[in-house]
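Thank you all for making time this morning. I would like to walk you through one structure, going from one contact to the next, and I will ask a few questions along the way.

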Amino acid sequence: MKIALAGNPNSGKTTLFNAITGKIEHVGNWPGVTVEKKEGSVKASLNPGKRNLIVVDLPGAYSMSPYTSEESITRDFVQKESPDAIINIVDATNLSRSLFFTSQLMELGIPVVIALNKSDLIQKKEIVIDTELLQEILGCPVVRTISTKTTNNGLGSLVKAAQQVFDEKKQQRPLHVKGAKPNATKSEMEQIDKNRFTVVNDIVDRVERRKSDSSNHTIQDKIDKVVAHRWLGIPIFASIIWLVFSLSQSWVGPWLADVLVGWIDSFYSLVEGSMGENVNPVLATLLLDGIIGGVGAVVGFLPLIMVLFFMLALLEDSGYMARVALVMDRYFKKIGLSGKSIIPMIVSTGCAIPGIMATRTIKNERQRRTTAMLAPFMPCGAKLPIIALFAGVFFGDNAWVGTSMYFLAILVIVLSGLVIRKITGDTSKSYFIMELPEYRFPSIKRAAISMLNRAKAFIIKAGTIILICNAIVKMLQTFNWQFQVVGQSAPETSILASLATPLAWIFIPLGFGIWQFAAAAITGFIAKENVVGTLAVTFAVTNFIDVEELALVAGSADVHTVFGIGAVAGLSYLVFNLFTPPCFAAIGSMNAEMESRKWLWGAITFQLGMGYVLSFLVYQLGTLFTTGSVGAGFLGGLVASFLMVGYVVFLIRKGSTSRQKSLVEEVA
Amino acid sequence: MKITDCKLHTEYQIASILATEEDMKEFLFTLGCYPGERIVLISRLPSMYVVDIKNSRYSIDDGLAKAISVRESGQPASVRVVGNAV
């Protein structure tokens with residue numbers, strides 16, 4: 001049988017889903033974390049009857065009339081795919097709002113069981129709920145649950161109750177709401193919904209007693225005053241992000257990476273030793289330098305990523321990130337977006353794909369598409385190894401590199417948002433409303449789960465896509481077009497070099513017109529981790545992290561020499577990789593959410609142009625400041641940049657004249 | 001008067017909602033924010049207002065705060081609050 005989990009946003013659906021299926025889906029305390037349905041089977045300990053019990057986690061919804069597209073997923077599922085039972089998750093601290101949705105669910109003719117979740121919090125808040133009376137009035141089982149607890153959490157009884165209501169086949173009677181009927185017109189609906197709230201208010205009056213209400217959280221409000229302060233808001237956010245980067249990049253990360261790289265090194269020697277002398281040298285170098293070296297170079301950065309995600313998860317869990325949305329709303333309004341757009345962007349610091357999917361919570365189409373286009377500019381987990389590598393080689397592992405890339409991303413997003421609004425000419429504004437989660441002490445366990453989830457995905461990716469790409473890169477580098485092994489003296493005759501060299505020309509004005517860098521930027525579109533892997537393979541640096549030096553990128557002077565570019569060009573290359581289009585998987589996701597070819601191609605072109613112009617500026621201005629004269633290929637790059645910026649200006653002009661025309665027509 | 005003019009931690013009754021954005025009124029309704037219901041202003045932040053509706057806290061921007069008209073609680077529905085009404 002199929003059981004659907006439905007309830008208001010932040011009622012704890014995904015936490016409950018994880019607890020009864022044993023899965024580890026990402027949980028969060030704001031709407032938009034779950035934007036698609038997820039299925040799992042009930043774990044054996046909660047399923048003594050060994051039945052086939054499938055649970056479906058649905059995005060949060062306040063009612064059956066969807067406001068945003070992720071809410072319609074929930075409505076469509078319960079209406080069209082008729083699950084065998086619905087577990088309606090009700091936030092026990094918020095009965096009066098939650099029961100509105102409950103009363104609608106009960107009219108579907110599907111047996112409903114209510115999970116009165118967060119039951120531990122009602123004691124803290126001195127709320128008393130008469131569960132038995134509630135059960136009697138609603139006419140469906142009500143089970144108290146605490147899905148954050150591992151034992152004695154009511155989940156066993158909940159699963160049992162869901163099976164019971166299904167087996168009994170007894171028709172549950174919906175609440176009597178005056179005038180309620182299917183297919184009501186809009187004005188009828190309004191009256192019905194008012195009646196519905198009257199019924200709900202009545203029930204709440206009878207079953208609930210509360211002493212304090214949520215209008216008295218003075219400490220919380222004081223914290224809000226500080227973190228959402230007009231002037232302090234952004235500096236506080238910046239310091240927190242700097243702390244996150246400095247812990248992961250300068251302190252804890254290297255220490256852990258050190259241990260891991262030790263293992264990778266011994267594995268390399270073990271394989272090298274066991275192959276002996278008789279193995280074909282081409283095969284040996286493919287395995288050692290291509291696969292183990294390339295994948296190892298990427299995996300070496302895993303500890304850094306884990307530390308970073310652990311801390312971001314703590315921040316999210318504490319309720320702070322929701323305040324960041326408040327702070328950013330003011331700035332995002334100026335560029336035609338709203339604080340709602342910040343959530344997909346924060347999610348994108350993990351991975352752009354769920355970030356782009358989270359744009360479903362944005363109602364306005366132009367804002368949704370713009371956010372899907374700009375969210376991938378945030379430095380995602382796969383871009384971290386690139387940041388770490390270049391920060392290590394050129395800037396002594398300094399945390400300001402990561403932090404400044406993070407804020408450069410926000411700046412780029414703000415500027416781009418402005419440009420896109422000018423091009424589309426849509427000046428519509430949106431209101432901002434967001435449920436404010438309470439601050440709480442972040443759970444180490446939740447953060448650890450989130451971190452392990454990321455680590456798992458990273459390792460799987462390294463062992464599949466990255467491994468294959470590195471092997472292919474190594475092969476293309478080993479052979480020339482006649483399929484002969486390329487000699488040490490002529491590496492530029494390899495297939496890879498001849499493919500990448502023409503591209504390298506384009507990069508001369510950016511400071512890295514070297515075929516290895518061009519090749520790495522291209523493989524980066526398959527997965528951004530490839531940039532590090534390909535650089536390791538093509539420059540034959542088998543690992544970037546030195547065990548002796550306890551620095552993320554060690555022997556950085558050596559790597560520096562091997563790379564053959566300066567710090568300014570290194571920064572320019574980093575910027576190029578962060579601000580060009582994301583990986584193909586994320587582009588696919590953009591395609592799905594934008595639902596427009598025109599927008600998709602516009603977005604990709606825009607991102608390419610942005611990456612090129614930004615790194616051109618970084619390299620040429622940086623060179624001008626450090627040496628007093630501009631770098632190589634200045635004129636060519638300037639012409640290219642002018643053409644790109646000119647085209648954008650043309651689009652803006654075109655947009656505004658066509659608007660004026662339509663205005664004139666309207667007047668006439 | 002609007003939410004923006006409310007006294008902190010004082011109960012008001014929602015009088016009317018004039019939201020220009022499509023479906024916003026309906027969405028607010030599902031949160032229990034509709035004429036006749038109570039609303040409490042909890043905190044003023046820069047360009048943001050934290051309100052309590054049905055024991056939940058929401059932050060709303062000043063645009064939306066201006067769209068929600070309220071009257072002092074406990075007064076008969078027919079009496080219109082003048083005073084600091086905008």
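This is a predicted model: local features need pLDDT of at least 70, side-chain atom pairs count only at pLDDT 80 or more; totals for chains, interfaces and linings use all residues.

Let me start with a pair of residues that sit across from each other in two chains: Ile433(A) has Ile60(B), in strand 4 of chain B, as its bridge partner.

Stepping back to the contact between the chains, we can count 29 residues from chain A and 30 residues from chain B. On the chain B side, the elements that each supply at least two residues are helix 1 (24–30), strand 2 (38–45), strand 3 (48–53), strand 4 (56–61) and helix 2 (62–67).

Let me turn to chain A by itself, for which the domain assignment gives domain 1, covering 2–210, and domain 2, covering 234–658. The centres of these two domains, taken over C-alpha atoms, are separated by 41 Å, and the contact between them takes 16 residues from domain 1 and 16 residues from domain 2. The domain 1 side of that contact is made up of seven nonpolar, seven polar and two charged residues.

Chain A also has an open sheet of six strands, in the order 2-3-1-4-5-7, and here the pairing is mixed. Why is one side of strand 2 (38–41) and of strand 7 (142–144) left without a neighbour in the sheet? Both stand at the edges, each with a single partner strand, so one side of each has no neighbour there. The twist in this sheet averages 25° from one strand to the next. Within it, strand 4 (residues 85–91) and strand 5 (residues 112–117) of chain A pair in the parallel sense over six bridges, and Ile89(A) has Ala115(A), in strand 5 of chain A, as its bridge partner. Helix 2 of chain A, residues 69–80, packs on the sheet and touches strand 1, strand 3 and strand 4 of chain A, with its direction at about 145° to that of strand 1 of chain A. Helix 1 of chain A, residues 13–21, lies across strands 1 to 5 of chain A and runs at about 160° to strand 3 of chain A.

Finally, I would like to show two helix pairs in chain A. Packed helices are described by the angle between their axes and the distance between the axes. For helix 10 (residues 281–299) and helix 21 (residues 529–538) of chain A, the axes come within 8 Å and cross at roughly 135°, and these helices are therefore oblique to each other. The crossing is right-handed, and among the residues that meet are Gly290(A), Gly293(A) and Gly294(A) from helix 10 and Gly533(A) and Ala536(A) from helix 21. By class, this contact has six nonpolar, four polar and two charged residues.

The other pair is helix 15 (residues 365–374) and helix 17 (residues 399–424) of chain A, whose axes come within 10 Å and cross at roughly 140°. That angle makes helix 15 of chain A oblique to helix 17 of chain A, and this crossing is right-handed too. Here Arg366(A), Thr370(A) and Leu374(A) of helix 15 meet residues of helix 17 including Ile413(A), Gly417(A) and Ile420(A). By class, the contact has three nonpolar, four polar and one charged residues.

Definitions and conventions:
Residues are numbered from 1 along each chain as its sequence is written. Chains are lettered from A and ligands numbered from 1 in the order in which they are written. Axes are lines fitted to C-alpha atoms, for helices over the stretch in contact, and angles run from 0 to 180 degrees between N-to-C directions. Helices (H or I, at least four residues) and strands (E, at least two) are DSSP runs, numbered from the N terminus. Angles under 35 degrees count as roughly parallel, over 145 as roughly antiparallel, 65 to 115 as roughly perpendicular and the rest as oblique. A crossing is left-handed if the near helix is turned anticlockwise from the far one by less than a right angle, and right-handed if clockwise. Two residues are in contact if their C-beta atoms, placed from the backbone, lie within 7 Å. Ala, Val, Leu, Ile, Met, Phe, Trp, Tyr, Cys and Pro count as nonpolar, Asp, Glu, Lys and Arg as charged, and the others, Gly among them, as polar. Two strands pair if DSSP finds at least two bridges between them. Domain bounds come from an automatic or database domain assignment.
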